[in-house]
Amino acid sequence: MQQKIDHNVVLYDWLSFTTKDFTPLGLIDFLGLDHCTWTSMPGARGYKDRLYFGSISIHFNGRDDMGVWCEMSGQGCRSFEDFTTLPNKWDDLISDLLYMGMHVTRLDVAFDDHTGLLDINRIAADTEQQHFVSRMNSWQCTRSNKGTSVQIGSPQSKVLVRIYDKAAERGFEEADQVHWVRVELQLRDDRASEFLKIPMSIGESFAGVLLNYLRYVEPDDSDTNKSRWVMTDYWAALCDGVSKIRIYVTPGGEYNAEKLHHYVFDMAGNAIDCALELCGGDISRFMGYLTQRSCKPNPKYEVLKRQYYDYLENIAADAAQWFPVEDDPIPEFLPGYIAPSPEPIYENLTLFSE
């Protein structure tokens with residue numbers, strides 16, 4: 001699970017762009033990720049092939065006019081921050097991306113409230129009562145076991161604002177004690193690239209764009225023109241606070257198979273190789289020492305193992321749709337089920353790849 005943060009942050013939470021200037025391997029080098037282990041898998045949206053690492057996808061082999069498409073999800077952005085060799089991370093990537101005229105197809109910029117600034121239920125109520133002014137016509141409020149969320153704008157539009165209870169979405173068991181409300185700007189095409197060109201800090205850019213598209217206001221019965229209503233205290237405090245924040249790099253994203261691979265082989269690889277040699281190359285002897293180790297189990301490794309077994313259960317469930325086994329008993333050797341990751345599980349399969 002991601003480290004607990006006790007202050008408000010602004011971060012890039014999705015980036016996708018296309019380029020005709022790079023081969024897939026050249027683009028990986030451009031990202032500063034050429035030292036990472038990439039997995040080949042089928043592409044999407046007209047691309048035949050894809051290279052995948054840590055929720056970052058490099059799609060290629062589409063039509064001649066499609067070029068190469070890089071897609072970083074939220075976890076992909078965290079993987080980029082963790083593993084890139086670019087000295088200034090986002091600053092280097094964005095400046096080079098704009099300089100080379102690459103086509104930014106999507107950019108998500110998120111403000112995470114960890115200090116109790118925003119009340120998601122108050123925002124949902126103000127939205128339903130139309131106590132807001134927006135350039136966008138559509139809106140939607142959703143309440144479920146994943147928490148409350150508000151969406152202003154259409155998924156098909158170039159600008160979309162989402163506000164939701166991130167703690168509830170993540171399934172924090174102590175959700176009543178953890179405050180994590182996210183305000184997310186989802187930008188597409190020219191709106192995405194124009195955001196990156198704003199010569200201000202990410203916080204100032206976020207606050208400025210947000211205020212141009214959405215303001216929550218206090219109702220005034222004496223004035224029928226909603227645009228003249230006074231901004232709510234919480235929205236003013238949000239925008240004022242955000243404007244003072246610079247780009248935030250998560251202090252280590254969620255522990256995953258790539259990080260385990262990096263630690264075991266890149267950092268501890270020499271020690272493991274030496275230990276194997278001292279065991280005379282006898283794997284059974286080496287494994288015997290390993291199973292007798294005195295260190296206590298670490299929860300993060302238990303999570304990875306459960307994810308792996310969950311992956312196996314998902315394979316079985318998918319296969320059963322095409323090859324039902326009605327009479328055979330279900331084996332009970334797998335650990336308890338946990339919710340599947342929203343990202344492809346293929347990264348776990350590259351753990352011990354050569």
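This is a predicted model: local features need pLDDT of at least 70, side-chain atom pairs count only at pLDDT 80 or more; totals for chains, interfaces and linings use all residues.

Reader: Where does lysine 89 lie, and what is its phi?

Author: Lysine 89 belongs to the loop between α2 and α3 (90-99). Most residues other than glycine have a negative phi. Lysine 89, a residue other than glycine, has instead a positive phi, near 45 degrees.

Reader: Which residue in the turn between β2 and β3 has a positive phi, and is that residue buried or exposed?

Author: Strands β2 (residues 39-42) and β3 (residues 49-53) run antiparallel and are joined by four bridges, with threonine 39 standing opposite tyrosine 52 in β3. The two strands form a hairpin with six residues between them, and the residue in the turn with a positive phi, about 55 degrees, is arginine 45. Because its relative accessible area is 70%, and exposed means over 50%, arginine 45 is exposed.

Reader: Is aspartate 64 buried or exposed, and what separates its C-alpha atom from that of lysine 20?

Author: Aspartate 64 is placed in the loop between β4 (56-60) and β5 (68-72). Its relative accessibility is 81%, so aspartate 64 counts as exposed. Although aspartate 64 and lysine 20 are 44 residues apart along the chain, their C-alpha atoms are separated by 9.2 Å.

Reader: Why does arginine 78 count as buried, and which side chain does it join in a polar contact?

Author: Arginine 78, which is found in helix α2 (residues 74-83), has a relative accessible area of 6%, and because buried means under 20%, arginine 78 counts as buried. Its side chain reaches the backbone oxygen of tyrosine 12 at 2.7 Å. A further polar contact, of 2.9 Å, joins the side chain of arginine 78 to that of glutamate 81.

Reader: What span does helix α7 reach from its first C-alpha to its last, and which of its residues are buried?

Author: Helix α7 (residues 202-213) has twelve residues, and its reach of 17 Å from first C-alpha to last is close to the 16 Å expected at 1.5 Å a residue. Its buried residues are Ile202, Gly203, Ser205, Phe206, Ala207, Val209, Leu210 and Tyr213.

Notes: Residues are numbered from 1 along each chain as its sequence is written. Side-chain values use heavy atoms; hydrogens and water are left out. Buried means under 20% relative accessible area, exposed over 50%, partly exposed in between (1.4 Å probe, protein chains only). A polar contact is a pair of N or O atoms within 3.5 Å; within protein, one must be able to donate a hydrogen and the other to accept it, and residues adjacent in sequence count only if both atoms are side-chain atoms. The expected span of a helix is 1.5 Å times one less than its number of residues. Two strands pair if DSSP finds at least two bridges between them.
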